[in-house]
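Have the sequence and the coordinates open side by side. The walk below goes from loops to a helix and then to a pocket.

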Amino acid sequence: MPTKSAAKSSKVISDIEKEALRETIRERKAQSRRRPGDERAEGEAEVQAKIAELVPEERAMAKRIHELVTRAAPSLVPRTYYGMPAYAKDGKVICFFQAKSKFKVRYSTFGFQPDASLDDGAMWPVAYAVTKLTTADEKRISELVKKAVG
């Protein structure tokens, strides 16, 4: 019989979150073993593999966001982050795409990490809900990525 603390702790983090943590541990181990010259190619392969696993609607969105990010900021290195496509500068994730199916939520997210240079006054958005991509959305993503890289 589980103890009270064991039963309580199982509600602290969901099975989906646990899997995401396991995935990021695997990613970090793999990334730590990479030679610097292989980082971009191996990261690109991992991102493409993760995109291929998505359902068609999310796959199309992830592919398009990947194109936008890599065109807007070719210096960013593709990699995975909690099992989702992400883009790093100097080893630190700057932005990422999170498919809605990953955490079983109602919309996908395009977000930025603290190392992104998006500062604008005392408060600014760091994540965006994405339900579809319009031409205006694509332009905004490209602008944000360029600004985030600095």
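Does aspartate 90 count as buried or exposed? At 74% relative accessibility, aspartate 90 counts as exposed. Buried means under 20% relative accessible area, exposed over 50%, and partly exposed in between, with a 1.4 Å probe and protein chains only.

This is a predicted model: local features need pLDDT of at least 70, side-chain atom pairs count only at pLDDT 80 or more, and totals for chains, interfaces and linings use all residues. Residues are numbered from 1 along each chain as its sequence is written, and side-chain values use heavy atoms, leaving out hydrogens and water.

Aspartate 90 sits in the loop between β2 and β3. Its phi is near 55°, a positive value in a residue other than glycine. Helices (H or I, at least four residues) and strands (E, at least two) are DSSP runs, numbered from the N terminus. Tyrosine 82 belongs to the loop between β1 and β2. Tyrosine 82 is not a glycine either, yet has a positive phi of about 55°. At 26% relative accessibility, tyrosine 82 counts as partly exposed.

Tyr82 is one of the residues that lysine 102 touches; Ile16, Ala20, Glu23, Gly83 and Met84 are others, not counting residues up to four places away in sequence. Contact means heavy atoms within 4.5 Å. Lysine 102 lies in helix α5, residues 100–103. Lysine 102 is buried, with a relative accessible area of 15%. Lysine 102 and isoleucine 16 are 86 residues apart in sequence, but 7.8 Å apart in space, C-alpha to C-alpha.

Now take helix α6. Glu138, Ile141, Ser142, Leu144, Val145, Ala148 and Val149 are buried there. They cover an arc of only 165° around the axis, so they fall on the same side of α6. The arc is that of the directions from the helix axis to the C-beta atoms. Thr135, Ala136, Lys139 and Lys146 are exposed on the other side of α6. The cover over the buried residues of α6 includes α4 (56–72), β2 (84–89), β3, β4 (108–112) and β5 (127–130). Just after α6, glycine 150 takes a positive phi of about 90°.

Last, the lining of the largest pocket. α2 (15–32), β1 (77–81) and β3 (92–98) each supply at least two residues of that lining. The largest share, four residues, comes from α2.
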